[in-house]
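Visitor: Could you walk me through this model, one feature at a time? I would like the general idea, then the case at hand.

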Amino acid sequence: MGRKIFVSYKYKDTDVYPLDGNRNTNVRAYVDKIEDYLDSTDDIYKGESDDEDLSHLSDDTIWEKLKDRIYDSSVTIVIISPKMKERKKTDNSQWIPWEISYSLKEITRADRVSRSNAILAVTLPDSNGSYEYFIKDNSCCDSPCRTLKRYTLFDILRKNMFNQKQKQTKPCDEGKTIYYGDSSFIRSVKWSYFVNNAQSSIDKAVEIKEKIDEYDICKEV
């Protein structure tokens, strides 16, 4: 039986690398591509379904539709893109933080409880094909590592990374700390990795979710 997956993303962000040579590529084009890499039994719930126009609806009505889709899912994929976060707006006035918050909460409706979703962050390449606005490949203690620029993210994303209660760490040069193992409840991968390892990436997120008590979880925006 397939999984029901909700995808949280900034629809109109166009500062991403062109897909199939299309210079007008936006984040939604990448979201549509996700289905090509998943098991055929998986169901994808997007903020807007194909050919669905929500622009005429009130924010309250849109939020009720989003909550229904998140409630009925067990995995949330958060798409990290260069302009995902609108700098002049507070986190609680943007959709993505609320979608993550609702994904993490245990919601009771009638006699059914929806448990916290597994969450995977997939980072898209920017218009130059670079991931360094968030993920920078690095060298730590003479070994390959990566640096995550969490300050660029919404607080609820930032607080659910490197939040394992019993962290496996090692001090390195210049006061740096290396984290090992499943240090983050919300694991992040590059798009280039995801397209070749979609199922295993989601399976890993589910595996981490089964150990949710081992993490300090932030559920509020």
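**Reading the model together**

Guide: Let us begin where helix α1 starts: there, a side-chain oxygen of N26 comes to within 3.2 Å of the backbone nitrogen of R28. Keep in mind throughout that this is a predicted model.

Visitor: Which residues of α1 are buried?

Guide: First the general idea: an α-helix has 3.6 residues a turn, so residues three or four places apart point the same way. In α1, the buried residues are V27, R28, Y30, V31 and I34. Viewed down the axis of α1, they fall within an arc of 155 degrees, so they line one face of the helix.

Visitor: Since the model is predicted, what is the mean pLDDT of the protein chain?

Guide: The mean is 88, and 92% of the residues reach 70 or more. Among the elements, strand β6 (residues 118-123) has the highest mean pLDDT, 98, while strand β2 (residues 43-45) has the lowest, 76. Take care with residues 49-55, where the pLDDT is below 50; beyond near neighbours in sequence, that stretch has 10 contacts in the model.

Visitor: How many residues does the largest nonpolar core have?

Guide: In soluble globular proteins, nonpolar side chains tend to be buried together. Here the largest core has 49 residues, and I79, I100, L157 and F194 are those with the most contacts inside it. Several elements each supply at least two residues of this core, including β1, β3 (75-80), α3 (95-104) and α6 (198-209).

Visitor: Which residues is I100 in contact with?

Guide: Leaving aside neighbours within four places in sequence, I100 is in contact with V78, I119, I156, L157 and I186.

Visitor: Now for the rings. How many aromatic pairs does the structure hold?

Guide: A pair of aromatic rings is described by the distance of the centres and the angle of the planes. The structure holds 6 such pairs. One of them joins Y37 and W191: the centres are 6.0 Å apart with 80 degrees between the planes, an edge-to-face arrangement. Y37 lies in the loop between α1 and β2 and W191 in helix α5, so this pair ties together parts that are 154 residues apart in sequence.

Visitor: What do the phi angles show for D20?

Guide: Most residues other than glycine have a negative phi, and most peptide bonds are trans. D20 has a positive phi of about 55 degrees although it is not a glycine. You will find D20 in the loop between β1 (4-8) and α1 (27-34), and its relative accessibility of 69% makes it exposed.

Visitor: And where is F162 found?

Guide: F162 sits in the loop between α4 (155-159) and β9 (168-171). F162, which is not a glycine, also has a positive phi of about 55 degrees. At 22% relative accessibility, F162 counts as partly exposed.

Visitor: Which polar contact joins the side chain of N117 to another side chain?

Guide: The side chains of N117 and S73 are joined by a polar contact of 2.9 Å. N117 is found in the loop between β5 (112-114) and β6, and N117 is buried, with a relative accessible area of 1%. Not counting residues up to four places away in sequence, N117 touches I70, S73, S74, V75, T76, S103, F185 and K209.

Methods. Residues numbered from 1 in each chain as written. Heavy atoms only, no water. Helix = DSSP H or I, 4+ residues; strand = E, 2+ residues; numbered from the N terminus. Buried < 20%, exposed > 50% of the residue type's maximum accessible area, 1.4 Å probe, protein only. pLDDT = per-residue confidence, 0-100. Contact = heavy atoms within 4.5 Å. Core = buried A, V, L, I, M, F, W, Y, C linked by side-chain atoms within 4.5 Å. Phe/Tyr/Trp six-rings, centres within 6.5 Å; stacked < 30°, edge-to-face > 60°. Arc of directions from axis to C-beta. Polar contact = N/O pair within 3.5 Å; in protein donor to acceptor, adjacent residues only side chain to side chain.
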